[in-house]
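Take a look at the model first, then work through the steps.

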Amino acid sequence: MIAKRSFLLALGATPILASPLARAAALPAHDVARRTLVWNDWRRYADEAVSDEGRLIDPSDARLITTSEGQSYGLFFALVDDDQERFEKLRCWTVDNLCAGDIGNNLPAWLWGKTETPVPKTEKPPRGAKAPVSVPVERWGVIDENNATDADLWIAYALLEAGRLWKKDYYREEGLALLDLVRRTCLHETDALGPVCLPGRTGFVDDAGRVTFNPSYTPLQLFRRFALEDPRWEAAHQAALRTTLRASPAGAAPDWAVFDRTGTLVDAGRPFGSWDAVRVYLWAGMLSKDAPERDVLLRHFAPVFRLVRARGSVPERIDIRTLSVSAPGPDAFGSAFLAWRPNSPEGDLLRARLEKLPIAAESYYKSMLTLFGLGFDDARFAFDRDGRLLRPIRSEVRS
């Protein structure tokens, strides 16, 4: 992959354009043509990780699991790549296996894979006879029926945008049906915070009215897009922004946050941001430049970006109270900040490290972060102010 800043500098392009759409538009004709080809990084990963039936498999788990998150990211990347065949396979498998065939009435189960049940012990064999070998019964299916709301939101988003971009009404109808189900089951109305988006339909509101929130589950560009379909999502959009900021008082996002009835952040013994929280910075950086919440979030989380600049890497764990940090996280974490200042020394450093990473099935989560980070940086996709998907290399640039 070409390092765009060095490439444009060699061409004498000044000033360097910062947005993915602007960078793509500024590319010479031969490079634009190269970028209109298939998204090779995603295709290679999908050829390895996605089954013929449309199941994105994480082989690092002995149960060969599939998560609703993986399916949702796969749908999004297939849409970005304009791969309608793979999108349809991913969609069909998701609906049939995670939604019991009905995406409008059943939220996707978050975890599917292999389970083994021990065979019940039989009576003791007669003297001298060999005991039969006990072979566990293997079963494939849903392991945990609870949903992961972030995955549901990405699935609904992919369906809505597939319907718009490919002009297929049934995708839009499925997306609207899922979105309405999420609204009715996972938006929890609070007096202090507004309609908070719960991480799942069960297990995140206790008897005392305390709400558990995951800031990385609420990409604000998705909420803006949903509000175009249903104005009630605008209140959820504002609540997600409000709750994310309140969950991060010192300017670092936590993996999980707990609020009491008054909307006060409660110390629940998990005051750290790590593998989940890194996506908060990723989603923020990918917001449209003219989305007002982007500047709000980038200013609020500037302390973490300063840490990244000073250290040359993204810490694996940050204490949200003191901003003390652990050892550096994996290089894939750099995806979270590449869009913050792509044309800068730190942007060049993060990009160079990401471009060396293997995007492989056995590194599911790291590969997802890398695909988001490099895909956005390489102008494969962007979002407009209202959250609509832009695919610069396939539409805006070519037209």
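**Exercises on salt bridges**

Arg63 comes out as partly exposed, with a relative accessible area of 33%. Keep in mind that this is a predicted model.

**Exercise 1.** Find which side chain Arg63 meets in a salt bridge.

*Solution.* Start at Arg63 and look for a carboxyl oxygen within 4 Å of a side-chain nitrogen. Asp61 supplies it: the N to O distance is 3.0 Å, so the pair passes the 4 Å cut-off. Now zoom out: the whole structure holds 31 salt bridges.

**Exercise 2.** Work out where the partners Asp83 and Arg43 sit, and whether each is buried or partly exposed.

*Solution.* First, the contact: their side chains form a salt bridge at 3.3 Å, N to O. Next, the places: Asp83 is in the loop between α5 (68-80) and α6 (84-98), while Arg43 belongs to helix α4 (residues 40-49), and the two are 40 residues apart. Last, the accessibility: Asp83 has 10%, which is under 20%, so Asp83 is buried. Arg43 has 22% and is partly exposed.

**Exercise 3.** Say which helices the salt bridge between Arg86 and Asp47 ties together.

*Solution.* Begin with the distance, which is 3.0 Å from N to O. Arg86 lies in helix α6 and Asp47 in helix α4, so the bridge joins parts 39 residues apart in sequence. Then check both ends: Arg86 is buried at 14%, whereas Asp47 is exposed at 55%.

Terms used
Residues numbered from 1 in each chain as written. Predicted model: local features only at pLDDT ≥ 70, side-chain atom pairs only at ≥ 80, totals over all residues. Heavy atoms only, no water. Helix = DSSP H or I, 4+ residues; strand = E, 2+ residues; numbered from the N terminus. Buried < 20%, exposed > 50% of the residue type's maximum accessible area, 1.4 Å probe, protein only.
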